[in-house]
Amino acid sequence: MSRGSSVSEQTYFVLAALLDGPLHGHAILKRVAELSQGRIILAVGTLYGALDRLASNGVIVVEREEVVNGRKRRYFRITEEGSGLVEAEAKRMQEAASVVTRRTLGATFS
């Protein structure tokens, strides 16, 4: 993934969830729902498919694994490249939104 490419809304929120530090899958699901104010509810299979893809692209890494109640729990961490990607996407969306807000707010104050 290059920094200039846009990402899906789901991927954007997964990366945003990891900005505050490593999280395991269930915690990522919860954080994505919180950050998106309930608009993005990821299925477990969808999340792990996205995490595998992001890891293979070097955007996130598995920081550590532990066993909890007999189940393996992987903690994912965003990489420097991933941080750059999500920051670039936030800027791109902000610039795109400003095209409309400048026009509509400008009309209000004219």
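**Helices and sheet**

Reply: This is a predicted model. Begin with a pair of helices: the axes of helix H1 (residues 9-17) and helix H3 (residues 44-56) come within 11 Å and cross at roughly 75°. Angles of 65 to 115 degrees count as roughly perpendicular, so H1 is roughly perpendicular to H3.

Me: Which residues in H1 and H3 meet?

Reply: From H1 come Thr11, Val14 and Leu15, which meet Leu47, Leu51, Arg53 and Leu54 of H3. Sorted by class, the contact has five nonpolar residues, one polar and one charged.

Me: How do the strands of a sheet pair?

Reply: In general, strands pair through backbone hydrogen bonds, in either a parallel or an antiparallel way. Here three strands form an open sheet in the order E1-E3-E2, and the pairing is antiparallel. Strand E1 (23-24) and strand E2 (60-68) are the edge strands, each pairing on one side only. E1 is joined to strand E3 (residues 71-78) by two bridges. His24 has Tyr75 in E3 as its bridge partner.

Me: Which helix packs on the sheet, and which strands does that helix touch?

Reply: H3 packs there, touching E2 and E3, and its direction makes about 50° with that of E3.

Me: Which residues of helix H2 are buried, and what do they pack against?

Reply: In helix H2 (residues 25-35), the buried residues are Gly25, Ala27, Ile28, Leu29, Val32 and Ala33. These buried residues pack against H1, E1, H3 and E3.

Definitions and conventions
Residues are numbered from 1 along each chain as its sequence is written. This is a predicted model: local features need pLDDT of at least 70, side-chain atom pairs count only at pLDDT 80 or more; totals for chains, interfaces and linings use all residues. Side-chain values use heavy atoms; hydrogens and water are left out. Axes are lines fitted to C-alpha atoms, for helices over the stretch in contact, and angles run from 0 to 180 degrees between N-to-C directions. Helices (H or I, at least four residues) and strands (E, at least two) are DSSP runs, numbered from the N terminus. Angles under 35 degrees count as roughly parallel, over 145 as roughly antiparallel, 65 to 115 as roughly perpendicular and the rest as oblique. Contact means heavy atoms within 4.5 Å. Ala, Val, Leu, Ile, Met, Phe, Trp, Tyr, Cys and Pro count as nonpolar, Asp, Glu, Lys and Arg as charged, and the others, Gly among them, as polar. Two strands pair if DSSP finds at least two bridges between them. Buried means under 20% relative accessible area, exposed over 50%, partly exposed in between (1.4 Å probe, protein chains only).
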